[in-house]
Structure formats: structure tokens, C-alpha cells
Amino acid sequence: MAHFCWLACVLAVFSFTSTASGQPLDGTLPLTMQGDLAAEMVGGIDRYLSDLTSASVAGRAQFWHRDYSSHEAYARSIEPNRERFKKILGLVDNREPAHLEVQGWIGRSGNSETLVAQGTGYKVYRIRWSVLKGVDGEGLLLTPIRPPVADVVALPDCDWTPEQVAGLVPGVPRDSQFARRLAEMGCRVLIPVLIDRKDTYSGIPEVRMTNQPHREFLQRAAYEMGRTMIGYEVQKVLGAVDWFESDDGRWTMD
């Protein structure tokens, strides 16, 4: 304890001496800027990144070596670019084996039910499917009564719910309910839930709430772990594609 007190006194004297002399540390200058320093910082970062983006156009071609001789050759020639893009998005985790389950709910009769709704020539189920360890996808599956003519992952705007693009609840004009229209044409349609731009849950009510949109709130946390919000959503889409490929149109639900 005596040694700690002695050290604290020495540091306090040194700090007081340095401050009293008014001399900045070597290699530094006094901060004399006035105004909102946080806004200045954000503005400077924005200008810097915007300049880099504009300058990147001129040198972009050197990173692409496209081979147009055939479809296969083209795919091989851009594979390094795709792999690089996957790494940027954080698509580095192996997905779980394809698995889909229907989520039941308690109906008016008090019994567990699975069918959410029924449209012209198709049925609607609430589903969950495997993606990554600890990460599942959720959404709706619209299955035609007859064998499907195609399998589709329908991606709505993130502020549109699966129920809206399926025409089950208001919020999206009828002409824009593309998932419903695809199902009516005989497609089997999976609509994932996407993270919206609201800020309802951005924070801890007992501590502090923020006005960051949910997407930004999760993006900041994911980025620290080498992942991205878009990357997680791409993984969910690819997990849905994995299930479509493994099922090959055999799945049915009475």
C-alpha cells in the first residue's frame, strides 16, 4: 500500500508540473478547434471515404480478369472476386445441414394448428429453417396445391413483413404483393423475415435507448466479429436454397 501511495503522489506531481508549464507533449499541438467536434469528425470521415470511392473507379478494372469465351470460363474467371466479396460480407461460416420445420400456433379451437392461411391454389405456413450454429431463419412458406413449377426465395424490402408481401395483412399495394402472385402462378415461395429499420429495440430500456435503426445496431455488433448484417441475411437466403435443393419439391403439408 505504501508503494502504491508513493507512486500515486509522483504521478500527480508530474501531471501538475506538465499542465502548469503549458507545454504540449512532443509531436503534439494544442487542440484549438471550436464547434461540434463530433460532427466535424463524422464529416471528415465521410469526405475521406467518398473520395476513396470516387478514386476507386479508375483502378477497378485491374482486379477483374473476365473470360467471355464460355459461361463456365466466365464463372471461373470471376471466382476470386466472388470469394473476396464473400469475405468482405463475412460469409466465412459453414452452414448447418438443411432442415426446415413448420411452426405451429394455437387456433381459435384451442388446438395446435400449422396452416396460417390459404390462397388461390396454395397454402401458407409459418416456418423456421437451419442456417448457422445458433442462427435460424424465420418466415412464411407458400406452397402450391399442385407440384411447384419453380422454387423462389422472395426478398421484400426490409420494412415489409412476409405477411404483407403475401397479401395476408395490409401495408403493401396489391400489385406489389409479388410473393402472392408467384404462389398463384404455381411457385413454391419462401419469404424470410428481414431486420427492419425501426429503432424499437435498439438499447436496454433500464439503461439507455438509442435511435439507431435495428439494422445499424446489429451491423455495429456484427462488424466487431468480422460479420455483417447483409452477410447474415445472405446466409439465411442460401440456407433456404440449401433446403430447396435437398427437398427437390417433395415437401408437402396437409
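**Figure 1. Helix 7 supplies the largest share of the lining of the largest cavity, 3 residues.** The model shown here and in the other views is predicted. The structure holds 1 cavity of 30 Å³ or more. The space inside the largest cavity comes to about 30 Å³. Its lining is made up of L89, G90, D93, L132, R227, T228, G231, Y232 and Q235. One of these lining residues, L132, also has a bridge partner in strand 6, namely V135.

**Figure 2. Helix 6 packs against helix 7 through its buried residues.** Helix 6 spans residues 214–224, and helix 7 covers 229–247. H214, R215 and A222 are the buried residues of helix 6. These residues lie on the same side of helix 6, because they cover an arc of only 90 degrees around the axis. Y223 and E224 are exposed and sit on the face turned away from the buried side. Just after helix 6 comes G226, with a positive phi of about 75 degrees.

**Figure 3. W243 and F244 form an aromatic pair.** The structure holds 2 aromatic pairs, and this view shows one of them, formed by W243 and F244. A pair of aromatic rings is described by the distance of the centres and the angle of the planes. Here the ring centres of W243 and F244 lie 5.4 Å apart. The cut-off for a buried residue is under 20% relative accessible area. W243 counts as buried because its relative accessibility is 5%. F244 has a relative accessible area of 7%, so F244 is buried as well.

**Figure 4. Strand 5 is largely enclosed by the rest of the structure.** Strand 5 runs over residues 122–132. Of its 11 residues, 8 are buried, which is why the strand counts as largely enclosed. Strand 1, residues 100–102, pairs with strand 5 in the antiparallel sense. There are 3 bridges between strand 1 and strand 5. E101 has R128 of strand 5 as its bridge partner.

**Figure 5. Strand 4 and strand 5 form a hairpin.** Strand 4 covers residues 115–119 and runs antiparallel to strand 5. The two strands are joined by 4 bridges. Within this pairing, L115 has Y125 of strand 5 as its bridge partner. The hairpin has 2 residues between the strands. G121 lies in the turn and has a positive phi of about 85 degrees.

Figure 6. Strand 6 spans residues 135–144 and is antiparallel to strand 5. These two strands are joined by 10 bridges. L132 is the bridge partner of V135 in strand 6. R126 is bridged to L140 of strand 6.

**Figure 7. Strand 6 pairs with strand 8.** Strand 8 covers residues 187–192 and runs antiparallel to strand 6. The two are joined by 4 bridges. V189 in strand 8 stands opposite L142. Strand 6 has 7 of its 10 residues buried, so it is largely enclosed by the rest of the structure.

Key: Residues numbered from 1 in each chain as written. Predicted model: local features only at pLDDT ≥ 70, side-chain atom pairs only at ≥ 80, totals over all residues. Heavy atoms only, no water. Phe/Tyr/Trp six-rings, centres within 6.5 Å; stacked < 30°, edge-to-face > 60°. Buried < 20%, exposed > 50% of the residue type's maximum accessible area, 1.4 Å probe, protein only. Pairing = 2+ DSSP bridges. Arc of directions from axis to C-beta. Contact = heavy atoms within 4.5 Å. 1 Å grid on protein atoms, 1.4 Å probe; cavity = no way out; pocket = protein on both sides within 12 Å on 5 of 7 lines; lining within 4 Å. Points joined across faces, edges and corners; volume = space filled by probe spheres on them.
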